[in-house]
Amino acid sequence: MSLRQRVKDAITSASGTKTGAAAARAVLDPESAGMGKALVSARRVPKLDARVPEGDALTAWDRRRAEYRLVNPANRRKYTVIVVGTGLAGSGAAAALAELGYHVECFTFHDAPRRAHSVAAQGGINAARARKIDGDSLRRFITDTVKGGDFRGREADVARLAEESVRVIDHMQAIGAPFAREYGGQLATRSFGGVQVSRTYYTRGQTGQQLQVAAAQALLRQVHRGSVTLHTRTEMLDLIVADGRAQGIVTRDLRTGELGVHTGHAVVLATGGYGSVYFHSTLAMNSNATATWRAHRRGAYFATPSYVQFHPTALPVSSHWQSKTTLMSESLRNDGRIWVPKDPDEKRPPGDIPEAERDYYLERRYPAYGNLTPRDIASRAARTEIEAGRGVGPLKNSVYLDFRDAIERLGRDVIAERYGNLFEMYHDATGEDPYTVPMRIAPGAHFTMGGLWSDYDQMTSVDGLFVGGEAGNNYHGANRLGANSLLSACVDGWFTLPLSVPNYLAGVSREAPLAHDAPEAVEALDAVRGRIDRLMQNETGTRPATFHRRLGEILYRGCGVSRSDATLRTALTELAELKEEFWQDVHVAGSGDRLNQELERAGRVADFIELAELMVTDALDRTESCGAHFREEFATPEGEAQRNDDEWCFVSAWETTAEGRHIRHVEPLTFETVPLQTRDYR
Amino acid sequence: MAVVDAGKRSGAHQPGAGAAARPRPSTFVLKQVMAVTGVIFVGFVFVHMIGNLKVYFGAESLDSYATWLRRVGYPLIPHQGVLWALRVVLSVSLLAHMWAAITLWLRGRRARGPHRRRRPATFSARTASWMLPGGLAIAVFVVVHILDLTLGAGVAASGHQHADPDGTVHAYANLVASFSRPWMAVFYVVIMLVVAFHIEHGVRTLMQDFGATGRRLRKIWAVVGGALALAVVLGNALIPVLVLVGVIS
Amino acid sequence: MSTMRVEIEIWRQEGPEDRGAFETHVVEDATPEMSLLELLDRLNDQLAEQGIEPIAFESDCREGVCGACGVTVDDRPHGPVPNTPSCRQHLRAFGNISRLRIEPLRSAAFPVIRDLVVDRSAMDRVIEAGGTVDVAAGTAPDADDLLVGHDDAEVALDFAACIGCGACVAACPNGAAHLFAGAKLAHLALIPHGKMQRGERGHAVLNELDAEFGPCSTYGECVTVCPAGIPLEAVAAVHREGLRGLFRGRAD
C-alpha cells in the first residue's frame, strides 16, 4: 500500500465500518471532493447528543442537579471510582468523591500528587463573583468565555462554569490557597486578556501552584482517612471496557515495571492536555496524552483536537538543547507593550530604536484591547510580524515585550512587586535583564481546547468514563481565556464530577467491580504488554526523544499558529513517514522491569504520533477559521479569522476505528444566552 | 512482568509508613531538654563570669565572694546548701544536655544516611558542626576545672590551697597559681572561645527550639546571643592572659 | 555560539539495592545557555549514541515550580547557584567550571530508585499526617467574608511558596525536614480555616518528622539551597506549633 494511499485511509469514508453508535456522523470522502471539504451535511444525520438540559442555559445546572440520582450514604463505599491524574481536576474529584463516601483509587505517574502540571499556571483563576462595580456579572462571564472561545464551546457548560466559579474561590481559600488580599482584608483581583473587567483571583505569579498544592493536600487528607488509595509513579496505559462500560484501567508501576489491572465502577480521566505533542511547549516534560489517547482507542470520541492555543508570551526557542518554551505569565501584558521594529533589517539594540520606528502592532490593530487581546489573536499577530521578517533576536523568531514605559510611569519598585519573580525567571533563562532590555517573547504551544468529548455531565462517549480538566473539551471552544483553565479544572473536580459521577453510579450494580481475570481485562493487559514488547524489540536505533523532537517540528510547521490546506497535507504525509520510521527505528535502552524513562517516553511518543494525525485531520477537515484554529484560506481581508457558522457551528468528535480510520461525529452548538456574533477586539 | 492485583497496592502511597519506627523520647522533647538545660548553662556561665570579674578588684574581693557563695542563705539554709543545690541542678542538666545531644546526633547521622556532604559552607553550619565536639571539649574542661580549682586534685597547681576550716577560700591565690602555668592558661582561653561559639549557636538554636518566629524578635535574640558570647569570652579569657603577663598576681 | 568542555562525574545506580558508583563522561559541546538538566539531556543523547543507557533523572515543569527535579552538584543540592532549582541553574552562572560531580539528593529518607531518581514520598507523608485542612467541598463560607490582612496573606504566601523538592533535606547534615514541614505549618497557621487545627496539626507533623527525618541543629544549610526562599523562621514555626499545642492541649 502506498504511503499516499495510507494517508487517505487515515481519513476515510465511514462506509463499511461498523460504529454501532446511534450517534450521528459526518463522513469524509477524500476521493470525490478533496479532503476536508466534502462533508455529507452534518444536519441530515442524527446528531451526537450532549444531553444538555433543555431551555435557559443560566438555570440549566440548577435543574440538572435537581434531576441527578443519588446514592444512599451507606451504599457509597461499595462503589469504587478510579481517578487518573492528580492535578486540580483529578485531586479535586478524587478528594470530593471520597469525602462523599465513595472508595477512590487514584493514580499519578508523578512521585507526588502535588507535581501535576496545574502547578505551573501562573496568572490566576477567574471567578464571576462580580464584587467590584466594574460591570462584571455571571452573564458577562459567560459572554466573555463563549466569545473568547469563538462560539465553538458549549454555552450551558460555560454557564455552569460561571455559576460554580463563585464557590470555587471560597473552597480553595478554605483548604489552603492563600489568595492575595487587599489592605482591607478582601480578596484582590486583576485583569486578564480577553476581558475588560477585573475578575482574576491570584496568589502572586504562582496561582496554579497554590491551588494545586491545596488540592493535593485535600487528596492526601482522604488518603490519610483511608478513603482514597493513592498510587504514585503509576501510569495508566489502557482502559478496560466491558459490557460497553468503562470498568478499569491497566497500569504500569514505573519503579518496578509491573503491569497491573485496577477495576472500578467508573473511571475519571483528569490527565491534562496534549500540548507537549509539539515537543517545544509550555508544558512539563512528562505531560502526555497516553491516557486520553488510549481511552480514545477504546471508543471515547476525541473532540476538536486541532484547537490548540499558542501562548503569545512564551520564551522563543534560541538553541537546540533548550528543553521548553517557558511561559511568561499573560499578566505581563498588563504593563508590558509589545512591539517590533518597522524595518525588517533593523540592527540596532532595542533601546536605540526611536519611538517612530517601532510598531506597537497590537495597540495599532486592536486599539480597544491593545496588548490585552485574547491569546489566539496576540499569537497570530506575533506570527504575522515574525513571518514578515520583522522578528527580533538572533534567530528573528520573537517580538519585544517592553516595560520601559511602565517603569518610567510606575517606577521600578512597583514593577518589581508585580512581576519580580517573572523577571527573575526570565533573567535566569536568558541571561538578560528585563528591567533594562525588553523581553523577547514568541508564541508557544500551550493549552489544548480539544480533548475527550464529553456530554454535559462530563461523561465521554464510553459509558462510565468521565473526563475533567484540560483532558476534556467542553468550555473553551476554539480558544481559552487566560485564567479560565484553573477554573475549569477546579469546577470539574470539586463541583461537577462529584455530582455527575454518583448520578451514573446510582444506575450501576453495587456488586464488586469487574474481576481482574475477566476477558476484557486480560485482553487490555495483553494489549499493553504487546505494545511494550513492540517498543522494546529494536536492538539499536534512535531514541524516542529524537522522534518527539521531529514530531514537534512537523506540527509547528504544518499545524501551528496558522495552518493551510497545503501545510496540513504535507504534515499528514510527514507524520505517516515518521510513524513508519518510529516503529522501525525506535530504540529503548535498558529493560522494562524497572524504572526506564526511555520506555515511558517511547510509549508516549507513539501515542502522540497517532494523536498528531488526528489533529491534522481535524484541522484539515474544518474549513473555517475559528479562535486558535486559523486556516489561512479563511480570513477576512484584514487578516482576521473568518468563522463559518452556517457550516461549522458544531463540535467535531472523532472516532478512530481499530484499523486507524477517523470518523467524525457532530455535536451541533446553539447559542441563546450569547447570540452568535463576530468576535471583534478592535 | 508479573500482573499484580490492585489489592496488593503495587505502587501505592504508603500512609504513615514510618509511624511504627517513631523514636522515643521524641526529637521534639529532646530538643526542648537541650533548650531548657541550655538556658540554665547560659545563665550559669554568665553569672559565673560576673563572679569572675571580681578578680579584677583584687584577692579580697574574689575570696570573699567565693566564701559568700558557701554561706549564702545561712542560717535558713545550711552551709553550702545553695551551692550544692546548684551543683545538683547543673550536674543533672549537664547529663541531660549531653544525653540529648548525643541521642540527637546519632539520630541525625542515621537520618542523613551514608552519604555525607563535604564542606558545609556557612558560619552557621560551621558553628553547628562544632557543637558536639565543642560540647565534649567543654565537658572535659568542666572536669579539669573542678579538679583544678574546686577540688584541688589531679591537675591542680602544686601550690593549691584548700579551704580553711573556718570556710575561708583561697580562690584568688589558687587561680593565679593555676594560670601561671602557661598550658593551663592557653587551655582555658581556647575553651572560652569554644564556649563562646557554643553559646552563640546555642542561643540561636534556642530561638528556633522555643519557636520564635517574629522577625524583629529573632533579630534581637540573635544580637543578644552574640553579645552574651562576646561578654563571656572577654570577661573570662582575659583573666589567664592577664595572669600570664603578670597584671594579676 | 561558544561551547565548552565539561567533565561530568555522575552517579549511576542500577536500583534501590545496588551500591552505586560514579562514572565519568565528557560533554564537549556544552553551551553557557544550557541549564543543568539540559546538560544532562545532552549527555543522555551522547550516551545513547554510544550505546550506553541514558541516565535516569527527574524533571517535569523545568521552570522551577513543580519540585520534581533536583540533583546534587559538587555537594550542593540543586547546584552551585544558591536558591535556584536544578532546572533553572544555567551553566553561564557557574563560572569557569570544567568539571561537575552530579549525584542524587542524599538523605536516608530519600532512597535511590535509579541513578539520580530518589523516592521523596516521606515528604508527602508529612503533609498527609497533618498538612491538610479539614473542609469538605461546598461547605466553605464566602472567602470575602473572612478577612485576612494583606500582610498576613503575604507572609502566608512566603511560606506557601515551598515547591516540595526536598533540597532542604538533602542539604541538611542531619537529614531534617523542618524547613519543609515548618513552611506548611506556618502557612496554614495564617489562613482562617487552617487556624482551627493548629494544635493537632503541629502534633501530627512533629510525630511524622520524628518517624522519617532527623533533628534540626540550626545548620542553616537548608535556607541556602531552598529554591522558594523559605526563611529559617519556618523551623521555629515547627517548634512554635509544637509548644503551642502542648500547652493548649486542644485541637485548634
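1. Of the contacts in chain A between residues at least 6 apart in sequence, what percentage join residues at least 24 apart? The figure comes out at 74%. Bear in mind as you read on that this is a predicted model.

2. If you want a box for it, the C-alpha atoms fill roughly 75 × 65 × 55 Å along the principal axes.

3. As for what chain A is built from, I get 19 helices and 20 strands. Burial is worth a look too: 63% of the 682 residues count as buried.

4. Now pick out one strand, β12 of chain A, residues 308–314. β12(A) is mostly covered, with seven of its seven residues buried. Its partner here is β16 of chain A (residues 439–448), and the two run antiparallel, joined by five bridges.

5. Where they touch, domain 1 of chain C puts in 19 residues and domain 2 of chain C puts in 18 residues.

6. What classes of residue does domain 1 of chain C bring to the side that touches domain 2 of chain C? That side has nine nonpolar, eight polar and two charged residues.

Terms used
Residues numbered from 1 in each chain as written. Chains lettered and ligands numbered in written order. Predicted model: local features only at pLDDT ≥ 70, side-chain atom pairs only at ≥ 80, totals over all residues. Helix = DSSP H or I, 4+ residues; strand = E, 2+ residues; numbered from the N terminus. Buried ≥ 20, exposed ≤ 12 C-beta atoms within 10 Å, placed from the backbone. Contact = placed C-beta atoms within 7 Å. Pairing = 2+ DSSP bridges. Nonpolar A, V, L, I, M, F, W, Y, C, P; charged D, E, K, R; others polar.
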